[in-house]
Amino acid sequence: MAQADLMDKVVALAKRRGFIFQSSEIYGGLNGVFDYGPLGVELKRNIKNAWWQSIVHFRDDVVGLDSGILMHSMVWKASGHADSFSDPFVKCPACAKFFRLDKVFDELKDSSWFQSLAKSMATPKDEGQMIRWAKGPGKSLAPNLALVKDPEVTFSFIADLHYTFGGINLEFENFVKRLGSDDRGIGHIPCPNCGQALPDEGVAANLMLKTSLGPVEETAEKVYLRPETAQGIFVNFANVVDSTHRKLPFGIAQVGKSFRNEVTTKNFIFRSREFEQMEIEYFCRPEQASEAHERWIQDRLNWYFSLGLKQEKLRLRMHAKDELAHYAAGCSDIEYLFPFGWSELEGIANRGDYDLKQHAQFSGKDLQYQDPVTLEKFFPHVIEPSGGCDRATLAFMVDAYHEETVNDTLRVVMKFHPKLAPIKVAVLPLLKKNEGIVALAKKIKSELQKDTVCVYDDSAAIGKLYRRQDEVGTVFCVTVDVQSLEDKQVTVRYRDTMQQERIPLENLAKYLKERLY
Ligand code: GAP
């Protein structure tokens, strides 16, 4: 299946089956915000629970926290977000669309006009084709592109370039800039939407969203919606040490909403303006930091594997020196091969002692750790594994999506790890008009739902009911038939293999539990 098709199919399934909806859809939608439907909320909660369990409950060295979304504005001064949390952007003077300057070439590669131009040409030096494209499809796809407005002259500016369509080529940036040449032949980045030459310089826009506290606008206190959960942890470091008497090394974990006024939102829930993060700040002695960093990278990778993400779809990417914040000693991203390419799922950074030092300086409070034995005081170093819940949800959905042909019909099945599946068991009566079968099926369902997420469905014939459950990833279907009334056995069907087994009712709960948890 083509990767673009896979993304479209997952997005369509997400809406059709109640996983994820566009926010405020009936009013035309709110860009960059999504609502999780009945199945999506279960899936996302399962991801968060699995994370919390592995980070907080199954470890002895991490405690949890739930800090406020709104914080004192000095927090963001100290952290550096107020002054420098920004992405330079450009605005198209013709169509008024905004683009991140650091991402605009990626957008160009994906843009419909560039894709169409690339498809139409056998070679980039094919003058006839390029000009035919400019006078044909280019007119509607990129009406403001220099090549479209003045094909012959613009072509003369690009004829000497050696861009190869399809493959990765260092000339790409130069090539597209020539497509947007001005009348002196100076190249400009063309707008991915309409082709108009974009401004050469970007404008820095702070990504934090503002609101105000207090009833009267003029006197209201301006506060930010947090752009990360991490700072809530740093400002509570001393509270946690004082109240729990934790000794280094130890971590504080938090899951919660974050907000960023992203210039461009893209790829469904991958980059949105309201999203959830799962973050850990792991405090240690300076000399422990490097080893702790390595360990966290492995632990976090293993967590994704343990929930079924395929090995070949995950990789580590170490940040180059020039990508790192000035205080950071290192950062590695866990990347997933999404249908739109390798992209960050989680970052694991070695932040040194920057954050606690900054908050100590700005608040005037002593945020040093005191060794209980030696009484030595120092700022701990921090390892920060920081993942996105929505990105993880998207990765688990894309990874789970399977299509196969069974008896000449298409079976769509979401092969979620049992721990993540929104519904674990569906109880289905074979004959919905048989009172005995219906009563038994409902009884089984009400017993099972005490321990697991379970549904009852009698709204279609059995084949259709199976397909519906497959499509949302329900792990087991339990079918009650006439025979069940006599032999007190039911048919249990496993989603991935479609294999069926007769199981005595008295063993059913145990059978399912052993395979689900
Ligand atoms: N405290 C560090 C921090 O916030 P980050 O790389 O900006 O680092 C961490 O964000 C994770 O949060 C990312 O790896 C990603 O999974 C998620 N994330 C960041 N911005 C996001 C957005 N706009 N939409 C969805 N998830 C986002």
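Helix axes are lines fitted to C-alpha atoms over the stretch in contact, and the angles between them run from 0 to 180 degrees between N-to-C directions. The model shown is predicted, so that local features need pLDDT of at least 70 and side-chain atom pairs count only at pLDDT 80 or more, while totals for chains, interfaces and linings use all residues. Residues are numbered from 1 along each chain as its sequence is written, and side-chain values use heavy atoms, with hydrogens and water left out.

**View 1. Packing of helix α2 against helix α16 (residues 389-400).** The two helices, α2 and α16, pack at an angle of about 110°, and their axes lie 10 Å apart; helices here are DSSP runs of H or I with at least four residues, and strands are runs of E with at least two, numbered from the N terminus. α2 and α16 are therefore roughly perpendicular to each other (65 to 115 degrees; angles under 35 count as roughly parallel, over 145 as roughly antiparallel and the rest as oblique). The crossing of α2 over α16 is right-handed, a term used where the near helix is turned clockwise from the far one by less than a right angle, anticlockwise being left-handed. From α2, the residues L43, K44, I47 and K48 meet C389, D390, A392, T393, F396 and M397 of α16, contact meaning heavy atoms within 4.5 Å. The residues of this contact divide into 6 nonpolar, 1 polar and 3 charged, where Ala, Val, Leu, Ile, Met, Phe, Trp, Tyr, Cys and Pro count as nonpolar, Asp, Glu, Lys and Arg as charged, and the others, Gly among them, as polar.

**View 2. Crossing of helix α2 (residues 38-57) with helix α14 (residues 289-306).** The axes of α2 and α14 come within 11 Å and cross at roughly 140°, which makes α2 oblique to α14. α2 passes α14 in a right-handed crossing, and the contact brings I47, A50, W51, S54 and I55 of α2 to W296, R300 and W303 of α14. By class, the residues of the contact of α2 with α14 comprise 6 nonpolar, 1 polar and 1 charged.

**View 3. Helices α6 (residues 112-120) and α7 (residues 127-135).** α6 and α7 pack at an angle of about 145° with their axes 9 Å apart, and α6 passes α7 in a right-handed crossing. W113, S116, L117 and S120 in α6 meet Q129, M130 and W133 in α7, a set that divides into 4 nonpolar, 3 polar and no charged residues.

**View 4. Surroundings of the ligand.** The ligand is surrounded by 19 residues, of which the closest are E228, R260, E262, E279 and E344, a residue being near if one of its heavy atoms lies within 4 Å. A polar side-chain atom of E279 lies 2.6 Å from a nitrogen atom of the ligand, and a polar side-chain atom of Q277 lies 3.0 Å from an oxygen atom of the ligand. A polar backbone atom of G388 is 2.9 Å from an oxygen atom of the ligand.

**View 5. The loop between α13 (237-244) and β9 (250-259).** This loop contains P249, and the peptide bond from L248 to P249 is cis, with omega near -5°. H245 is also found in the loop between α13 and β9, and its phi is near 55°, a positive value in a residue other than glycine.

How values were computed. Polar contact = N/O pair within 3.5 Å; in protein donor to acceptor, adjacent residues only side chain to side chain.
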